[in-house]
Structure formats: C-alpha cells, structure tokens
Amino acid sequence: MAIELNENEIVKSLDHAVSSIDRAVLLGRDVAPKIDRIYMIACGSANRAMQGIQYWADQIASDIDVRTFFPAEFMAMNPPKLNDRTLVLLASKSGTTPETLAAAEFVKGKPCKTVVFTQSGSSPLAAHGDEVFLLGETEETFLAIFMLMQALVGAVWEEKEGWPLLPKLVSSLKSLPSAVVAAAKQNEARAAEDARLYKDDNQIYFVASGPGATSAYVFGVCILMEMLWIHAYPIDAAEFFHGPFEIVTPKTPLVLIMGEDPSRPLMERVKTFSQKHTERLMIYDSREYAMEGVDPEIRPIVAPYVIQAALKRLSVRLSIWRDQPLSTRRYMWKSEY
C-alpha cells in the first residue's frame, strides 16, 4: 500500500481545474444579473464543499440567496422558487451518483440554468448541464469542485453584492494546490505519530465550527467512517455544550478543527474545555500552515481544504496500521439501496 506523498503529481493533477477558474469567473459574471438564487445540489464531500460556500454567502450576500441540498431532499421538497431566476449547481465526481442524476432529471425542462461539475465529459451527469466543468484526471476532486464552484459563486458575489475580494480569491485559488500539498508535507511526521497513537481506536469524535465542518465531515465520514469503518461522526461546536460534551472522559479521543473564520471563538471555547477533560486531544489549526500564495483575506475561506490535506496523511497512516486499504467498502458500489 503506497504511503509516499507525490507532491508534483498532486499539483499537476489539478492543472485542469486551475485552468478552468477564469472560465468559472466569466460564467458567474454573465449569469449574475439573470438570477436571484443559487441552489447547490450534491451528495457526500461535494455537498459539504457547497455548505462551506453557503457559510460565506450567508455573511456576504443580501441580494442573492444561496442554498445547499442533498439531491433526494431537494426532489422531496420541490422548492417553488425553482424558476428562471435560479442557478442550479450539480456536482458528482463520477457523474454516476444515482441521486444526483435523479435531481438532474428532475430539473430538466424547468426554466432554471444548470451547471455541472464532474470528472469526465462522457459521464451521464455531464449530459445534463447547460454548462459543464470537467475536473480532469485527479484524485483531488473534492478540492477541484470547491475551487471551480467557489470561483463561480465569488464572481456572482462581485456582480450582485459588490464583493471586493474576487481578484484575491482567484489568485489564491490558483495557488491552492501548492498550498495544500505543502500542508500535507508539513504534517507527515505528525500524521505518523498520531496514527500510531490512535490506530486501535474505533471511535473518534471530530469537533468543528463554521466552514470547518466541511473538513470534520469529509475526513470523519467520507474517509474514516466510509473507508476505515471507524465511528467518526462530526460534532458542531455550536452544539457541543448542548449534549455532546457529556461523553468526554480522560480517554475520549477528540479532534478539534480550528479555522480562521468568525466562528473560531466557538472552537476556542471547546478547546479550553477539552484540554481540561481529556488526555487524548488532536488539534488541527489552520494558522499553523503558511498557505503560500493565498491572500490573508482569503485564508479563512480556504482553510478547511488546507486542514483536510493535512488530515488526509493521517488516514493514509491509519490505513497501514489497520491493514485496510482506503479502497475497501462493504456496501458501496456492491449493494442496492
């Protein structure tokens, strides 16, 4: 099982996404005057990237409504505002996710404009987009989807809200592949030691706030739970003291994800409590990573993806210790559901 970090290969694999950022900006500027809302629809990690974008929209936007849906939820709700003033963003790495395809069929023929983010132009989902962004041959599709979608939505913010940070966002997104690889490299030694300490744990709690919930969910659920079968569901810091903190004992393993956004004080409170009540604490703080090429005003937006890259090295090491490849599944792609 490979353990090496191939820095150049990861950055190169994201070249296609980087080269499409300017096109995403142009599309965002073009559609902005024609829309009042953006509906983002996906499962899994792509959905969490969308929720991170919505977090910032809730603070930036007054003239554009941005909402995130799971596909099945979206179809069950059948939002009445799905009209010609609605932009629908659909994302799936494979382009074959059944629920996402069903949602694409659901909006087909409706007056909304649809933009698809997927890996291959030959995938079923690609055929459903008025516009399609391809991610290229990369294992970092979670990051690629975020980069392109955030560029598009950022351009809408510029046009609709007068958001002044789009140029800084664009330059930062283009530097992000190198920044996340540097974070992964920086975390190699720590990941090896953390994996040794936590290799026998079958239950690990992740606590995060604001857009950091993206990292907590994607690493906890989409990697540790899905691939290594570790009970690793995330907890929102805003809810930590309304029930979840009662499970903390000196032996409870906690991972705290600290970002640089306005929700950070919520995590500082959790950190203070946790340092008193458990001996098994992993703190991942985005402030510890240089993020070279990322503008200081954009760091809070991309911080979850930098932390995610660092945490990913921990999953590789855990996979070795537990002798379970990250490709292992019990049910996914095997069972009907």
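Trainee: Which residues of helix 11 are buried?
Mentor: This is a predicted model, in which local features need pLDDT of at least 70 and side-chain atom pairs count only at pLDDT 80 or more, whereas totals for chains, interfaces and linings use all residues. Residues are numbered from 1 along each chain as its sequence is written, and side-chain values use heavy atoms, leaving out hydrogens and water. Taking helices (DSSP runs of H or I, at least four residues) and strands (E, at least two) as numbered from the N terminus, and buried as under 20% relative accessible area with a 1.4 Å probe and protein chains only, the buried residues of helix 11 are R264, M267, V270, F273 and S274.

Trainee: Against which strands do the buried residues of helix 11 pack?
Mentor: Contact is taken as heavy atoms within 4.5 Å. By that criterion, the buried residues of helix 11 pack against strand 6 (205-208), strand 8 (254-258) and strand 9 (281-285).

Trainee: Which residues have the most contacts inside the largest nonpolar core?
Mentor: A nonpolar core joins buried Ala, Val, Leu, Ile, Met, Phe, Trp, Tyr and Cys residues through side-chain atoms within 4.5 Å. The largest one has 91 residues, and those with the most contacts inside it are I38, F117, F146 and L176.

Trainee: Are helix 7 and helix 12 roughly parallel or antiparallel?
Mentor: With axes fitted to C-alpha atoms over the stretch in contact, and angles running from 0 to 180 degrees between N-to-C directions, helix 7 and helix 12 (residues 299-321) pack at about 170°, their axes 11 Å apart. Angles under 35 degrees count as roughly parallel, over 145 as roughly antiparallel, 65 to 115 as roughly perpendicular and the rest as oblique. Helix 7 and helix 12 are therefore roughly antiparallel.

Trainee: How many charged residues are in the contact of helix 4 with helix 10?
Mentor: G44, S45, R48, A49 and G52 of helix 4 meet T214, Y217, V218 and C222 of helix 10. Ala, Val, Leu, Ile, Met, Phe, Trp, Tyr, Cys and Pro count as nonpolar, Asp, Glu, Lys and Arg as charged, and the others, Gly among them, as polar. The contact of helix 4 with helix 10 divides into four nonpolar residues, four polar and, as charged, one.

Key. Buried < 20%, exposed > 50% of the residue type's maximum accessible area, 1.4 Å probe, protein only.
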